[in-house]
Amino acid sequence: AGQLLVAQDSSGSFDDHGLAPERFTDRRAGGRLRAAHFRRDIGRIAYSGPPHTHPAWPGAQDRLSAVAQLAAILAAAEGPGVAPLPPGLRLFVADATGNAGQWQLLRQPDATGPSPWGEVPQQHWQRRPPRPEGLQVDLWLAAAPGAPSGTWPLRLRFEALRSGDVFELTLLVAP
């Protein structure tokens, strides 16, 4: 039988700033369930473990909803008459262990890469952590409008730079 490595869940709704997560949970192999609670009614993000809180800024996301929020931002930018996106986007992102902060996602040079329907041009977005022990996040999305994946990531990679641990997800079929 396979061993559970990571189980994450994000639930919430929508508001004027897009996705509005209310609860994010994370369980790692052999670990306990941790949660971030987005209390938008009082403007705070609280955690199941650490006693500290963070501001629930408008548009604040968790690690899962941040990917969907980025996909929504990029989808909105594809319409006719829409100004081109800047080379970088910022999202305030919280995890379930009490860490939160600005994620600056910078557009990297486009490249051709694999997809469920063959090799396609891809946008590459990257978040470099502000500290060496941080988490680098890379997202690859189909660069051509109208791709079967839309603006949903074809590949998503999380790397803990200090340890070198990598968690990677690859889209196997179009959503």
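**Around strand β4**

Let's start at a turn: β3 and β4 make a hairpin with four residues between the strands, and in it Gly43 takes a positive phi near 70°. Keep in mind that this is a predicted model.

So what does that hairpin look like in pairing terms? β3, residues 34-39, runs antiparallel to β4, residues 44-47, over four bridges. Going along it, Ala36 sits opposite Tyr47, and His37 has Ala46 as its bridge partner.

Now, which side chains of β4 are buried? Ile45 and Tyr47, which point to one face.

Zooming out, the whole sheet is open, with five strands in the order β1-β2-β3-β4-β5 and antiparallel pairing. β1 (6-15) and β5 (54-55) are the edges; each has a single partner strand, so one side of each is left without a neighbour in the sheet. Helix α1, residues 65-76, lies across β1 and β2, at about 145° to β2.

One last stop, elsewhere in the chain. Ser149 is in the loop between β10 and β11. Buried or exposed? Buried, because its relative accessibility is 4%, and the cut-off is under 20%. Leaving out residues up to four places away in sequence, Ser149 touches Trp117, Ala142, Leu154, Leu171 and Pro175.

Technical notes: Residues are numbered from 1 along each chain as its sequence is written. This is a predicted model: local features need pLDDT of at least 70, side-chain atom pairs count only at pLDDT 80 or more; totals for chains, interfaces and linings use all residues. Side-chain values use heavy atoms; hydrogens and water are left out. Helices (H or I, at least four residues) and strands (E, at least two) are DSSP runs, numbered from the N terminus. Buried means under 20% relative accessible area, exposed over 50%, partly exposed in between (1.4 Å probe, protein chains only). Contact means heavy atoms within 4.5 Å. Two strands pair if DSSP finds at least two bridges between them. Axes are lines fitted to C-alpha atoms, for helices over the stretch in contact, and angles run from 0 to 180 degrees between N-to-C directions.
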